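Me: Hi! I have a model open and would like to talk it through with you. Could you help me get my bearings?

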Amino acid sequence: MSSKHRAMSFNTKAKLRELGFPTVAAKAPDTAPFRNRAEILRMMRKYSNLNPLESLYISGPVLSGKTWVGSRIALELHLLGARAEEIIYTTLMDMVSDMLDSGASISKYYEIRFLFIDNVNTEKNAYAPSLLARVVRHRLDNDKHVAIISSLDGSTFANLYGEEMQKRIEQFLQIELRCDEEALARIREARFAKLAEDVSDVE
């Protein structure tokens, strides 16, 4: 990892917020539930230095640390020289809302230099699969980078987003988070307890 990245690591959460990336990525790698952390960290460093950058598929169970990996890679790209306005880190449903509710042009997702699309899961919105397909197809056909972050396995992804999309995703560089189930269960239990506490406070 670059010395510049290490120098800023003490203020990572603030930097992520400034850039508009997910601040959930404050979770440290030594406490993350994925058991192949050394492999993951090595792949992250290697990936950020690829030229040209390959498209990327980050997969793993819910709450396994996928967003941590994705936003850290986006941050590293920025620290290596990409301007903040050259990177979009968003979720699929935020893209849908951006298009349908805010009337944004799809061209920004076509033209941005680096695009990270998180939470590509079992979305309820009927527009989400076609929007994802249009954006990914256009970017790949024009040699532009896209990173997909999802908890879906291959067959489920194909059922939801189509076989063409699945075949394209299979050509991406793959980062798979293999998790310690006990650690993952503790994280989920803590998350659900916090959600219950927040609901109780509202009531």
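Me: What share of the residues is buried here?
Reply: Of the 203 residues in the protein, 43% are buried. Keep in mind that this is a predicted model.

Me: Good to know. What is the mean pLDDT, then?
Reply: The mean is 79, and 76% of the residues reach 70 or more.

Me: Where does pLDDT stay under 50?
Reply: Over residues 1-10, a stretch for which the model has 10 contacts beyond four places in sequence. Where pLDDT is low, the predicted coordinates should not be read in detail.

Me: Let's zoom in on β3. How many of its residues are buried?
Reply: Five of the five, so β3 is largely enclosed by the rest of the structure. Both of its faces are covered, with Phe114, Phe116 and Asp118 buried on one side and Leu115 and Ile117 buried on the other.

Me: How many bridges join β3 to β2, and how many to β4?
Reply: Five bridges join β2 to β3, and two join β3 (residues 114-118) to β4 (residues 147-150). β2 and β3 run parallel, and so do β3 and β4.

Me: Which residues are the partners in those bridges?
Reply: Phe116 has Ala147 of β4 as its bridge partner.

Me: Ile117 keeps coming up. What does it touch, leaving out residues up to four places away in sequence?
Reply: Ile117 touches Thr90, Thr91, Leu92, Met95, Leu132, Val146, Ala147, Ile148 and Ile149. Its relative accessibility is 0%, so Ile117 counts as buried. Between the C-alpha atoms of Ile117 and Met95 there are 8.6 Å, although the two are 22 residues apart in sequence.

Me: Let me switch to helix packing. At what angle do α5 and α7 cross?
Reply: The axes of α5 (residues 92-100) and α7 (residues 128-141) cross at roughly 95° and come within 10 Å. The two helices are therefore roughly perpendicular to each other.

Me: Which residues make that contact?
Reply: α5 contributes Leu92, Met93, Met95, Val96 and Met99, while α7 contributes Ala128, Leu131, Leu132 and Val135. By class, the residues of this contact are nine nonpolar, no polar and no charged.

Me: Nice. What about Glu111, where is it found?
Reply: Glu111 is in helix α6 (residues 107-111). With a relative accessible area of 48%, Glu111 is partly exposed.

Me: And what does Glu111 touch, again skipping residues up to four places away?
Reply: His138, Arg139 and Lys144.

Me: Last topic, backbone angles. Which non-glycine residues have a positive phi of about 55° or near 55°?
Reply: Asn119 has a phi of about 55°, and Asp143 has one near 55°. Most residues other than glycine have a negative phi, so these two are worth a look on your screen.

Me: Where do they lie?
Reply: Asn119 lies in the loop between β3 and α7, and Asp143 in the loop between α7 and β4.

Me: Are they buried or exposed?
Reply: Asn119 counts as partly exposed at 37% relative accessibility, whereas Asp143 is exposed, with a relative accessible area of 74%.

Methods:
Residues numbered from 1 in each chain as written. Predicted model: local features only at pLDDT ≥ 70, side-chain atom pairs only at ≥ 80, totals over all residues. Heavy atoms only, no water. pLDDT = per-residue confidence, 0-100. Contact = heavy atoms within 4.5 Å. Axes fitted to C-alpha atoms, helices over the stretch in contact; angles between N-to-C directions. Helix = DSSP H or I, 4+ residues; strand = E, 2+ residues; numbered from the N terminus. Parallel < 35°, antiparallel > 145°, perpendicular 65-115°, else oblique. Nonpolar A, V, L, I, M, F, W, Y, C, P; charged D, E, K, R; others polar. Pairing = 2+ DSSP bridges. Buried < 20%, exposed > 50% of the residue type's maximum accessible area, 1.4 Å probe, protein only.
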